Amino acid sequence: MRGRRASLILLSALTLPLTGGPAHAYEAEVAATSDAQFYTLRSPWGDPVVRRRRYTQALALHVYDMQGEFVPFGPQLSFKARLRLDADFGKEGEERNPRQPSTFVPDLEQAPVDVMYAYLEGRNYLGGFVGFRAGRQYVTDSLGWWSFDGGLVRLTTPAYVQVEAYAGFEQRGGLPLLLGTERYASDGVYRGNREELELNQVPYFLRESKLAPAFGFAIETTGVHFVHGRLSYRKVVNRDRVVVSPFPDAGDGYQRVGGDRVSSERIGYSLRASEASLGAVRGNLVYDFYSQVVSDRALALDWYTTSAISVGADYDYSYPTFDGDSIWNWFSHSGITTLLGRAEWRPSPRFDVALSSGAKIFETEGDSGSYGIVEQAGRDPDRSETGRLTDFVGNLAGRYRWSDGNLGLRGMTETGKRGHRLGSDLTLNQAFDRGLYDTLAIVSLYDWEDGLRADRSATSFSYVAGGGIKPFDETRFGLEWEHSTNRLVGQRYRLLATLDLTVLK
């Protein structure tokens, strides 16, 4: 009840600037979305049965021209915030009870609230060269989608170069007063509030009670329409005292480590160059200082052969990296390489077809096919050479549009020595009465086979039926029903209700 009451207070407080007081020369926008989901999932083993009754509410407030009278190319001051309540009233008490280890989920809340972003932004200060942000904000570049609490300063120079510097604390869960979430932190760790847990209870769930300092910078081109490049660097520091291993030592104790240490440290560069009558080139490169490897590299080429036909090719390599506190850093892992060729045909504004085909290459230490043989013989596998497993992939999609609807067909396949997955789905969108009503219908059929676990192979059939109504401008209410079935999980159902509302002032 305390969590629900606090959520209502926060949702109400976010709208206070819109009520009362004298009028000012600023523009305000309030947007709200509500999503209610009801679904039941049965484990392939029959137990447990997961019942969820989720209610997600997001409320956004944007205020513009706070500096006063608007002057073209002059200083601009604005405020943006978005709050989210993600409640699940289908969670059972055993899932939050540490004395029930078989069902206990650490740090599970029934109605968590998080501030997605809330920052004050200034542009065109000091002669138009300086901008800033202060508060919780996002950074999106070759290093990924990231969020932090702090400040950012941006300097735009006349030499078509823009410089950013920022510092603060990485947005993380486990700190209730900050209303944060763990989704933007590095992979490989599970952190949160351990105040009610003993040291030997779920030791893999790491303590999060101290802020994680972070800083970075970026240099990018600006004002040049045909080319854009951005160099980014970011470092995050862990400070909490955490368990080194999830297993007790010989004395039935747990060793811990504390002090400042690297959580993540990476540098990356992305580049895009395009010419409207010829094509485009895109690429990025990321180096991970903690793992001392190139974690990502990609290159994409597009050739606009005619106004109706374009072809392209993609190369992408991804090596998994983890937070410095993650145990996964001690396990061997390798990268995945994807090679694709693409083509798109647009004979008319109403119709287009896209095709891509290629391969995914999975690297292993040694020949993975010989692991079982040598282990049965009592010998260690030979990891001196890199082994490779290759899957062939293909995607085909087409869409036809008319004035108030569209019909799309999509199919995919991926097959290799370890099995396959293939299938397709058909999607129909249709509006009525000049957009007052809209409908949605989806039918899909997919089949997969696991070469290592034949009992996990199955064919799945699903359909979705839904619709919506827009009784006012910028307002929509929608309802969707989904039903999926396969031999592993039986029948699965989901009901989704949505409400989108925007108010301008």
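**Note on salt bridges in this model**

1. Arginine 282 counts as partly exposed, because its relative accessibility is 31%, which falls between the 20% and 50% cut-offs. Note that the model is predicted.

2. Which residue pairs with arginine 282 in a salt bridge? The partner is aspartate 302, and the closest N and O atoms are 2.5 Å apart. Aspartate 302 sits in strand 16 (residues 293–303) and arginine 282 in strand 15 (residues 279–288), so the pair ties together parts that are 20 residues apart in sequence. Aspartate 302 is buried, with a relative accessible area of 17%.

3. Arginine 418 forms a salt bridge with aspartate 391; their closest N and O atoms are 3.2 Å apart. Arginine 418 is in the loop between strand 21 (405–416) and strand 22 (419–432), while aspartate 391 is in strand 20 (residues 386–402), so this bridge ties together parts 27 residues apart in sequence. Arginine 418 is partly exposed, at 33% relative accessible area. Aspartate 391 has 8% relative accessibility and counts as buried.

4. A network is also present. Salt bridges with shared partners join Glu170, Arg172, Glu182, Arg191, Glu208, Arg261, Asp323 and Asp325.

5. Glutamate 208 lies in the loop between strand 9 (205–207) and strand 10 (213–221), and arginine 172 in the loop between strand 7 (161–170) and strand 8 (190–192), so the pair ties together parts that are 36 residues apart in sequence. Are glutamate 208 and arginine 172 buried or exposed? Both are buried.

6. For the overall tally, the structure holds 30 salt bridges.

How values were computed: Residues are numbered from 1 along each chain as its sequence is written. This is a predicted model: local features need pLDDT of at least 70, side-chain atom pairs count only at pLDDT 80 or more; totals for chains, interfaces and linings use all residues. Side-chain values use heavy atoms; hydrogens and water are left out. A salt bridge is a side-chain nitrogen of Lys or Arg within 4 Å of a carboxyl oxygen of Asp or Glu. Helices (H or I, at least four residues) and strands (E, at least two) are DSSP runs, numbered from the N terminus. Buried means under 20% relative accessible area, exposed over 50%, partly exposed in between (1.4 Å probe, protein chains only).
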